[in-house]
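Let me put the model up, and then I'll walk you through a sheet and a helix pair.

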Amino acid sequence: MIEVKGLAHSFRVGKKGKETEVPVLKGLTLQAADGEIVSIVGRSGSGKSTLLHILAGFLQPDSGRVLVDGTDLTAMNEAQRAAYRLDHFGFVFQNFQLMPGLTAFENVELPLTLKGVPAAERRRKVEELLESTGLSDIRSHYPNELSGGQQQRVGIARALITEPPIIFADEPTGSLDSETEQDILLLIQSLNRTYGITFVIITHDDEVAAIADRTYRMHDGELAEGGLRHVI
Ligand SMILES: Nc1ncnc2c1ncn2[C@@H]1O[C@H](COP(=O)(O)OP(=O)(O)OP(=O)(O)O)[C@@H](O)[C@H]1O
């Protein structure tokens, strides 16, 4: 469960000596229960990415708390947050962020290598996951030999390989055509139902937001809960 309380953050912008303070998050409250899909929807520049960076522990807020299963991320130092992230969070990005010099198999394997998992166990886990996400046939392809939808499937498999309870997805279908978008949204819903993974999706697209159990709208640095669930 993710609980956010009184989260506020500003950036200092402008020339040195003449900086101004721009408040981006103004005391947000948010909750994501275990196994929920939560979407955060808002216009460009509304602060969605800033919120996601704070939720995932990449950025320390000016004030407020982020609790994950009761553990306060904002009370940790950077090294502690990085270790926590590797164990608990997976990430899916709009532009996939696959390593161009690695095959699909090697991209999915990478988080396990970073965690120090032995080679035989890595191979077994990756093969199993590629099979269940329908990627076995393209295991030896490099990212530039894959369609956008296939690259995003590899991106999602990479996020899943460490079996995190929570996956953060930043505009996961933002680079895809509408048919491929539906495929990826169905995959996210099916992973959510099958494995009970919590998804936090940020998007400017109401159709994407509509797959969520809970939707928050970001406006002027504030967050309001609301929106209907719609199953595709
Ligand atoms: N490192 C930074 N330094 C200064 N200002 C920043 C920084 N990061 C973001 N901002 C500002 O904070 C505001 C919110 O940005 P953010 O990227 O969180 O919005 P967003 O809703 O994710 O937008 P988009 O959908 O375009 O990615 C913007 O006005 C942006 O210019």
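So, the sheet: four strands, open, in the order β2-β1-β4-β5, with antiparallel pairing. β2 and β5 (71-72) sit at the edges with a single partner strand each, so one side of each has no neighbour in the sheet. Strands here are DSSP E runs of at least two residues, helices are H or I runs of at least four, both numbered from the N terminus, and two strands pair if DSSP finds at least two bridges between them.

Quick housekeeping: this is a predicted model, so local features need pLDDT of at least 70, side-chain atom pairs count only at pLDDT 80 or more, and totals for chains, interfaces and linings use all residues. Residues are numbered from 1 along each chain as its sequence is written.

Back to the strands. β1 (residues 2-13) and β2 (residues 20-32) pair antiparallel over 10 bridges. They make a hairpin with six residues between them, and Gly14 in that turn has a positive phi of about 105°. On the β4 side (residues 63-68), β1 is joined by five bridges, again antiparallel. Have a look at Ile2: its bridge partner in β2 is Ala32, and in β4 it's Val68.

Now the helices. α3 (residues 104-114) packs on α5 (residues 148-160) at about 25°, axes 7 Å apart; the axes are lines fitted to C-alpha atoms over the stretch in contact, and angles run from 0 to 180 degrees between N-to-C directions. That's therefore roughly parallel, the label for angles under 35 degrees.

Notes. Angles under 35 degrees count as roughly parallel, over 145 as roughly antiparallel, 65 to 115 as roughly perpendicular and the rest as oblique.
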